[in-house]
Amino acid sequence: DTRSPKFDLGLGVLRRTDNTDFVFETVLEGGKRNAPACYYTHPGGNDEFIRLTGELVFGGSKPDRVMGVQTVGGSGALRVCADLLVSQGITNMILPNPSWANHKPLLSGGGMTCTDYSYFDEATHTVNIQAMLNDIRNAPQRSAIMYQVAAHNPTGIDVTDEQWDQVLEVMKERKDLFAVFDSAYQGLARGLNEDMYVVRKFLEAGMEFAVCSSCSKNFGLYGERAGGLFVACQSAEIAECVSSRCKLKIRTNYSVPPQHGSKIVVSVLSDPELRAKWEKELNGVREALGRSHAAFAKALKEGGMPAKYSAPRFGLFTQLFLSAEQVEALEKEQACYVAPGGRVNVSPLTEEAAAEVAKRIAIILAK
């Protein structure tokens with residue numbers, strides 16, 4: 001596309017405002033400290049990576065009742081989790097509607113049947129918490145419930161802490177349900193600790209659950225595929241059994257996870273000075289995303305879009321709920337590329353770019 005200016009807002013990765021990939025300086029430094037890995041590890045991966053990322057997830061050393069294995073990114077964690085659940089007779093996964101487009105293919109590929117629960121209120125662009133709670137309360141027995149912990153993909157609309165408390169109470173009532181937390185954007189919504197509120201509340205409550213964690217976004221390690229699966233069990237003895245089962249699933253799937261990305265993460269998190277710099281970088285990214293969301297919401301409002309499009313959003317995305325025809329028209333007529341459904345990656349948007357994109361969207365919607 002030779003038109004100028006054009007806007008590529010469909011790719012789901014962190015970008016700079018000049019539309020180049022965002023690279024963490026601390027991650028580059030971590031990379032310099034680690035030669036490419038030439039030998040296998042065990043199927044559970046880099047133990048130090050699991051220890052350190054477990055501290056990020058749980059806010060301290062993970063309890064003995066929590067097991068962890070390194071996986072091929074967050075997607076690999078989802079797939080290993082699906083394999084594990086199916087092996088235990090849990091074959092139904094209920095996802096928020098809408099959710100990440102690859103959730104259903106990934107999980108169904110592991111043998112799960114995927115259905116939806118109510119999540120997004122299109123009238124207000126907020127979480128429809130009462131409908132969500134009702135659907136969870138009435139879920140089929142022995143179902144797994146997927147929760148995105150922060151920076152919801154594709155809407156950017158997150159559950160509040162108070163609403164998470166309500167979710168926890170329903171899950172306590174429905175002891176036959178199993179929570180699976182997808183943590184793809186830790187640190188990019190409200191903060192490293194704030195984004196893990198619900199996971200830590202479930203841990204404090206003694207619940208059994210799984211966390212699928214990714215370093216693709218908060219470390220920018222998309223291509224290195226560094227992720228982890230954590231499962232909180234009733235006891236340390238059960239956790240050992242679950243760990244063995246997961247390693248068996250990994251061994252018969254992709255054998256072992258890649259090591260270079262995990263070593264980079266270990267270098268960053270184990271060096272106090274480098275970790276402090278990484279957290280500062282991550283804070284800067286989160287603040288920049290907040291400015292991009294604010295600029296886009298302002299531009300949409302000034303362009304005549306309903307007030308609901310100005311509802312608070314977190315992370316990389318906002319969703320415009322465009323038809324396939326409108327998405328195609330944006331591309332062909334306005335040189336503006338967005339993902340199906342009108343998902344917009346706001347990370348490259350300056351205030352000026354946001355105003356221009358909003359103007360082009362308004363032209364398409366006016367037809």
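**Exercises on a predicted protein model**

Buried residues (under 20% relative accessible area with a 1.4 Å probe, protein chains only; exposed is over 50%, and partly exposed lies in between) make up 54% of the 367 residues in the protein chain. The model is predicted: local features need pLDDT of at least 70, side-chain atom pairs count only at pLDDT 80 or more, and totals for chains, interfaces and linings use all residues. Residues are numbered from 1 along each chain as its sequence is written, and side-chain values use heavy atoms, with hydrogens and water left out.

**Exercise 1.** Compare the radius of gyration of the protein chain with that of a compact globule.

*Solution.* The radius is taken over C-alpha atoms, and the globule rule is 2.2 Å times the number of residues to the power 0.38. For 367 residues the rule gives a value near 21 Å. The protein chain has 20 Å, which agrees. Along the principal axes, its C-alpha atoms fill a box of roughly 60 × 50 × 35 Å.

**Exercise 2.** Describe the largest nonpolar core and the contacts of tyrosine 147.

*Solution.* A nonpolar core is a set of buried Ala, Val, Leu, Ile, Met, Phe, Trp, Tyr and Cys residues joined through side-chain atoms within 4.5 Å. The largest has 91 residues, and Tyr147 and Phe209 have the most contacts inside it. Helix 10 (residues 272–302) supplies the largest share of this core, 9 residues. Helices (H or I, at least four residues) and strands (E, at least two) are DSSP runs, numbered from the N terminus. Contact means heavy atoms within 4.5 Å. Leaving aside neighbours within four places in sequence, the contacts of tyrosine 147 include Tyr117, Trp164, Phe181 and Asp182. A second, separate core of 29 residues includes Val69 and Leu95.

**Exercise 3.** Locate aspartate 64 and state whether this residue is buried or exposed.

*Solution.* Aspartate 64 lies in the loop between helix 2 (47–58) and strand 2 (66–72). Its relative accessible area is 65%, so the residue is exposed. Not counting residues up to four places away in sequence, aspartate 64 touches Ala236 and Ala239.
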